[in-house]
Every structure is written in C-alpha cells, then in structure tokens.
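Biologist: I am new to this one. Could you take me through it?

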Amino acid sequence: MVKRISAFLCLITVLMCIGGCGKKSVNANTPTLTADSLTLSVGQSHRLDIENKGELSFQWESSDEKTVRVLYGAVTALSEGEAEIYAVSSDLKLTCKVKVIKGEEEKTTNNSSHNSSSQVNDEGDKSGSSSVVSEKSDAEKAKETVNNFIEDIIDNKYNKKADELKQEYNDAVAEIDLGIAAAEKLINSDTAGKAEKQYWKNQRDALIADKQRLKEAYDSALAEINRQREEAKNGPNGLIK
C-alpha cells in the first residue's frame with residue numbers, strides 16, 4: 001500500500017511538472033497592450049487599449065511620428081516604414097511594434113492614374129500628359145484619415161462633457177421648478193394668510209431668479225467646453241496642419 005501511495009505521489013509530481021515547469025510566471029494584474037505588434041497600410045488606423053491599467057495613468061508616444069502617429073491609443077499609419085508605439089506610466093513602459101506598408105488601394109490608384117495619362121484627349125489626340133488625373137498623395141490621404149480620427153476622438157471627449165453638464169443643468173432646473181410649483185400652490189391656497197402668501201411669493205421670485213442665473217452659468221460653461229474643444233483641435237496634439 002505504501003509503495004502504491006508513493007508511486008501515486010510521484011505521478012502527481014511528474015504531471016504537475018509537465019503542466020507547470022517551463023511556464024513563464026505572469027501576473028494577471030500586470031498592465032498589457034491589446035497588441036504587441038501591428039501591420040497597417042498607409043492611412044489605416046487601429047485602436048490600442050491598455051488592459052489591467054487600474055488607476056495608472058499612461059501617456060502615448062510614437063518613436064517616429066512621420067511614420068505612425070498615436071493619440072489616446074488611436075494609432076494611424078502615415079507613411080511606409082517601421083516605428084514603435086509606447087504607453088508610458090511613472091514606472092512602466094509598454095511597447096507595440098508597428099510596420100506600415102503600402103496597401104493595395106494605393107497601388108491600384110497609382111496604376112489607374114498612370115493608365116489615364118495615355119487616354120485620348122478631347123481633340124482625339126493621344127498624349128502622355130493631356131489627361132493626367134489628379135490624385136491625392138499617400139501623405140494627403142493619411143493626413144485626412146488622421147485628422148478625421150483625431151476630430152472624432154476630441155468631439156467624443158467634449159460631447160461627453162457637454163452631455164454631463166446638460167444633465168446636471170436639467171436636474172437642477174427640475175428641482176427649481178418643483179420649488180416654484182410648490183410656492184405657487186401655497187400662494188393660491190385658501191388657508192394661507194396674507195403674510196404667508198407674500199413670503200411664498202418672495203420664495204418663488206427668488207427661485208425664478210436662481211433659474212435664470214443657472215441658465216447663464218450653463219451657457220457660460222458650455223461655451224467654455226466648446227472653447228476647449230477648439231483649443232484641443234488646434235493645439236500641438238490636435239489636427240495636423
């Protein structure tokens with residue numbers, strides 16, 4: 001019996017070693033990027049996220065912004081080449097390698113542009129330069145794609161702020177309206193005396209004034225959000241000029 005138990009324990013040890021030996025120990029809570037390498041065509045974009053980031057704050061960087069640009073994790077390919085995207089916190093640096101290639105769409109566009117240059121012109125003469133079709137360059141296409149992407153990100157960020165502000169404003173107005181309605185009810189009450197009615201009239205008028213001041217404060221805060229939106233678009237991390 002002892003021999004059988006010993007043999008069983010040895011078998012368990014071997015199985016545990018087979019299953020666990022040689023495996024790299026990884027902390028499940030360690031922040032990681034959703035991809036450690038990407039291959040993108042010029043003008044293409046991809047969203048990188050950070051898993052298990054917890055309360056850590058990360059800054060996004062590109063090793064070569066002429067090849068790849070990153071903003072809030074949104075990676076956009078600008079020109080052929082290779083670069084690295086970094087997500088950097090105070091004591092951690094995550095890396096994603098990016099290779100940018102020329103996509104089939106761009107190749108097709110170049111071929112069609114070349115073929116169009118030898119088409120017959122309006123007078124019926126063939127000319128290599130008379131019918132050249134103006135096409136956007138790869139850089140212009142990439143710039144347009146990046147700017148659209150950046151604008152969407154910025155708009156989403158500030159639209160969220162505007163929506164939150166509007167919700168807070170509507171909630172406050174609803175409370176004031178309830179107060180005004182309650183005051184009106186007491187003002188029109190048959191049981192309330194003259195002094196009491198005057199008191200509630202004063203309360204109602206004060207609430208109406210508060211409502212107007214709240215509207216002015218809301219308009220001012222909304223204007224500030226829109227100002228920040230435009231500043232973000234035109235700032236150093238905003239739209240490409």
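Predicted model: local features only at pLDDT ≥ 70, side-chain atom pairs only at ≥ 80, totals over all residues.

Biologist: How many helices and strands are in the protein chain?

Modeller: The protein chain has four helices and nine strands. From the N terminus, their order is α-β-β-β-β-β-β-β-β-β-α-α-α.

Biologist: And what share of the residues counts as buried?

Modeller: Of 241 residues, 27% are counted as buried. The accessible surface is about 16500 Å², and carbon and sulfur atoms make up 51% of that area.

Biologist: Turning to the rings, how many aromatic pairs are there?

Modeller: There are two aromatic pairs in the structure. In one of them, the ring centres of Tyr-169 and Tyr-218 are 4.4 Å apart with planes at 15°; an angle under 30 degrees counts as stacked, so this pair is stacked.

Biologist: Where in the chain do Tyr-169 and Tyr-218 sit?

Modeller: Tyr-169 belongs to helix 3 (residues 138-187) and Tyr-218 to helix 4 (residues 194-234), so the pair links distant parts of the chain, 49 residues apart. Both Tyr-169 and Tyr-218 are buried.

Biologist: Why is the pair of Tyr-199 and Trp-200 edge-to-face?

Modeller: Their ring planes meet at 80°, and an angle over 60 counts as edge-to-face; the centres are 5.0 Å apart. Tyr-199 is partly exposed at 44% relative accessibility, and Trp-200 is also partly exposed, at 25%.

Biologist: Changing topic, which residue lies over the face of Tyr-86?

Modeller: That is Lys-93, at 4.1 Å from the ring centre of Tyr-86.

Note on methods:
Residues numbered from 1 in each chain as written. Heavy atoms only, no water. Helix = DSSP H or I, 4+ residues; strand = E, 2+ residues; numbered from the N terminus. Buried < 20%, exposed > 50% of the residue type's maximum accessible area, 1.4 Å probe, protein only. Areas by Shrake-Rupley, 256 points an atom, 1.4 Å probe, with all protein chains shown as cover. Phe/Tyr/Trp six-rings, centres within 6.5 Å; stacked < 30°, edge-to-face > 60°. Lys NZ or Arg CZ within 6 Å of the ring centre and 35° of its normal.
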